[in-house]
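The sequence and structure are shown first, and the description follows.

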Amino acid sequence: MKVAWICADPGIPVFGQKGASIHIQEVLRVLLRHGAEVLLFTCRSGGESPDEFRGMKVVSLPTMPDSVDEETRARAALENNDALVRLMAVEGPFDVVYERYSLWSYAGIVWAKRAGIPTILEVNAPLPEEQRRYRKLALETEAFQVLDQLLTHADILVAVSDGVKHWLNTFAPSRGKAHVVANGVDPARFRAHRTTSGPGLTLGFVGTLKPWHGLHILIDAFILLLHENYDVTLSVIGHGPEFIPMREKLAQAGLLACADFHGAVAPSQVPALLEQVDIGIAPYPQFDNFYFSPLKIYEYMAAGLPVITSRTGHLAELVKDRLTGLLVEPESPQALADAVIALYNDPALRKRLGQAGRQRAEKYHSWERVVRHIWQLAGIELAAGEPDEN
């Protein structure tokens, strides 16, 4: 099976450290494990490919420097559509074309559909709305024209959450084609969490430090716990725009020494860092249409950590309250602190929730299951590959 895998988003370094990068790498691993010949079309490889991907051909798309304005970058990305089709025509034929939705790329899916090649579009977020809210959406009309082309020509739409599916279903061409397939984890990368011997606990956060992750709530809750003399430390694994505000707030409270900021780390380093954590935190704020499928929660579960997250969107389906973790009201530092205190005072509960989360990750959330599900939806059979441990 020959697969054209397209990621034309210049903001995603395919072999980098972002959550999107990890997602792409995990899907590619499964496909390669099943003997697929994968050609990766990307604007940004993110550096030298890891050894396990050296046999996979990477086809580079043109890029623009970060210094140019949003509109210039958008117009250049639209022009990339012609280059993408030329490159695909040279590298083909393909048995399936799989694309991760980006704002300006559509021609690969359109070309494949017209050639009778099965097409799968993976949608991870309502990108025009996200861009408009957190950055700047240049060429808004063109962005929705691209989306219409994709929704019209893709055979299967893979939405990573109910929130994404709901957004897709507001557009006529996607109705009946969108299926929810949540993100996953490779449990084999993580060891079951060891029991902490000391009295203190380490709270952990993994991910890009973005405003929509509710990190100010985490910092406020952490300060509350320290002011109440609980023996807790904080481990922050990741980097992003909230890095400096988080550190400044802790410094102003005289508590910066109680937190470890590891910065951006390679995905291979995350399991070892989570072994030093006792509770995994995902303090999302309230959203009208929660659309995230948080990799961090799957990783916490695979690492055998009890999870504390917000009762928002579909997270109550992912984290079962008092079965695999604790759910708290969003945007309430006190509620988050109270949940930490409940686990702080009950080691048996911490252990039970962590073990149950690990079992759930192994049984329901492996990347092997995720990719198999997607291929089944597309009516494509994966060849037999290496044994699935999960």
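Predicted model: local features only at pLDDT ≥ 70, side-chain atom pairs only at ≥ 80, totals over all residues.

Which residues in helix 7 meet which residues in helix 8?

## The contact of helix 7 with helix 8

On the side of helix 7, the residues in contact are L215, I219, D220, F222 and I223. Their counterparts in helix 8 are M246, K249 and L250.

Helix 7 spans residues 215-227, and helix 8 spans residues 243-252. Their axes lie 10 Å apart and form an angle of about 20 degrees. Because angles under 35 degrees count as roughly parallel, helix 7 and helix 8 are described as roughly parallel to each other. The crossing of helix 7 with helix 8 is right-handed.

## Cysteines

How many disulfides does the structure hold? The number is zero. C43, for instance, takes part in no disulfide. The cysteine sulfur nearest to that of C43 belongs to C7, at a distance of 7.7 Å. A disulfide would require a pair of cysteine sulfur atoms within 2.5 Å.

Is C43 buried or exposed? Its relative accessibility is 13%, and since buried means under 20%, C43 counts as buried. C258 has a relative accessible area of 26%, so this cysteine is partly exposed.

## A cis peptide bond

The peptide bond from G92 to P93 is cis, and its omega is near 0 degrees. P93 is situated in the loop that connects helix 2 (70-91) and strand 4 (96-100).

## Residues with positive phi

L139 has a phi near 50 degrees, which is a positive value in a residue other than glycine. The loop holding L139 runs between helix 4 (127-134) and helix 5 (140-153). With a relative accessibility of 13%, L139 counts as buried.

N229 also has a positive phi, near 70 degrees, and is likewise a residue other than glycine. Its place is in the loop between helix 7 and strand 9 (232-237). Is N229 buried or exposed? The relative accessibility of N229 is 69%; because exposed means over 50%, N229 counts as exposed.

Conventions. Residues numbered from 1 in each chain as written. Heavy atoms only, no water. Buried < 20%, exposed > 50% of the residue type's maximum accessible area, 1.4 Å probe, protein only. Axes fitted to C-alpha atoms, helices over the stretch in contact; angles between N-to-C directions. Helix = DSSP H or I, 4+ residues; strand = E, 2+ residues; numbered from the N terminus. Parallel < 35°, antiparallel > 145°, perpendicular 65-115°, else oblique. Left-handed = near helix turned anticlockwise from the far one by under 90°. Contact = heavy atoms within 4.5 Å.
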